[in-house]
Amino acid sequence: MPRFAANLSLMFTEYAFLDRFDAARAAGFDAVEFLFPYEVEPGVIAERLQRNHLTQALFNLPPGDWAAGEKGFAALPDKFDELQRSLHTALPYALATGVKRLHLLAGNADRRDGAAALAFRRSLAVAAHFFAPHGIDVLIEPLNRRDAPGYFLDDVDHAHTLVREMAIPNLKLQFDIYHCQILHGDVTTRLREMLPVIGHIQMASVPSRQEPDGEEVNYPFLFAELDRLGYAGFVGAEYRPRGKTEDGLGWFASYRAGT
C-alpha cells in the first residue's frame with residue numbers, strides 16, 4: 001500500500017513546528033515532508049526525525065522571498081548566482097535529515113521566454129550534478145495557474161517531456177495529483193505514462209485542497225492504482241485540514257504505520 005508522508009507545513013499546525021514531528025508519529029505516519037527547514041538548525045530537525053523514527057521524504061530548495069511571492073530561481077537568468085547559493089544552503093539540511101529528494105522551484109517567468117527556458121535547463125543540470133554524489137534526486141513540480149499564477153512550470157506534460165529529454169539519472173518529476181487535476185484532469189493515464197520518471201507524489205482533495213476523502217478525485221482508486229503500478233515511493237499528504245488535523249485522518253485509518 002502507499003507510504004504516506006505528512007506535510008508538516010500544512011498539517012498539524014496546531015503545534016509548534018518541531019512538535020509536529022511528534023504529532024505525525026503519534027498519528028501513525030512514518031515519514032514527513034515540509035516546504036522549508038531553513039529557520040531551524042539541521043541537527044535539531046535531525047534529532048526530531050530520529051527520536052520519532054521518521055523518514056524525511058522531501059523538502060524544497062530555498063525559494064527566495066517566499067512571503068513576497070518569490071518561488072525559486074531556476075528559470076530566472078539573472079538569478080543564477082542565487083540558485084547556486086541555494087544548493088549550498090540546502091546541502092547541510094539534506095545530509096542531516098538523510099532526505100533523498102529535493103524539489104527545485106522554477107520561479108515566476110513566462111515558459112515561452114527562450115531565455116527563461118534555457119536558464120531552467122541549465123539550473124536543472126547544475127543542481128542534479130551538485131546533489132548526485134550524495135545520492136539525492138532533484139525534482140521539478142508543475143503548479144496550477146490558479147494557486148500559482150505566473151509560475152514558470154505550469155504544465156505536467158511539458159515537465160514530463162523535459163525530464164525525459166534531459167535524461168539525467170537523478171532528475172525526476174514531482175507529480176502532484178491536486179495540481180494535475182486542476183491543470184489537465186486525466187490523472188490516472190498520466191500516472192501510468194509518467195511513472196518511470198516520477199520521484200515523488202503529492203495529493204489533496206480538489207478543489208478545496210483539504211482532506212483526500214471526497215470531492216472530484218477518487219483517491220481510494222488512485223491509491224490502489226499506485227499499488228497496481230508498483231509505485232514504491234512516498235505520497236505526500238499536502239493538504240490543509242478542515243479543522244484539527246487528527247480529526248480529519250479518517251482517510252488514513254487503513255494506511256497507518258503498523259496496521
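Which residue in β4 is the bridge partner of Phe59? Select Phe59 and look across to β4: the partner is Leu102.

The model is predicted; local features need pLDDT of at least 70, side-chain atom pairs count only at pLDDT 80 or more, and totals for chains, interfaces and linings use all residues. Residues are numbered from 1 along each chain as its sequence is written, and side-chain values use heavy atoms, leaving out hydrogens and water.

Next, select residues 55–60 and 101–103. These are strands β3 and β4, paired in the parallel sense over two bridges. Strands are DSSP runs of E with at least two residues, helices runs of H or I with at least four, numbered from the N terminus. Pairing requires at least two DSSP bridges between two strands.

Now show the whole sheet. Eight strands close into a barrel, in the order β1-β2-β3-β4-β5-β6-β7-β8, with parallel pairing. Neighbouring strands are turned by 30 degrees against each other on average, direction ignored. Axes are lines fitted to C-alpha atoms, for helices over the stretch in contact; angles run from 0 to 180 degrees between N-to-C directions.

Stop at Thr97, in α3 (residues 80–97). Thr97 is buried, at 12% relative accessible area (buried is under 20%, exposed over 50%, partly exposed in between; 1.4 Å probe, protein chains only). Leaving aside neighbours within four places in sequence, Thr97 is in contact with Ile45, Leu49, Gln56 and Phe59 (heavy atoms within 4.5 Å).

Finally, display the Thr97 side chain. One of its polar atoms lies 2.7 Å from the backbone oxygen of Tyr93. The side chain of Thr97 also reaches the backbone oxygen of Ala94, at 3.5 Å.

Notes: Polar contact = N/O pair within 3.5 Å; in protein donor to acceptor, adjacent residues only side chain to side chain.
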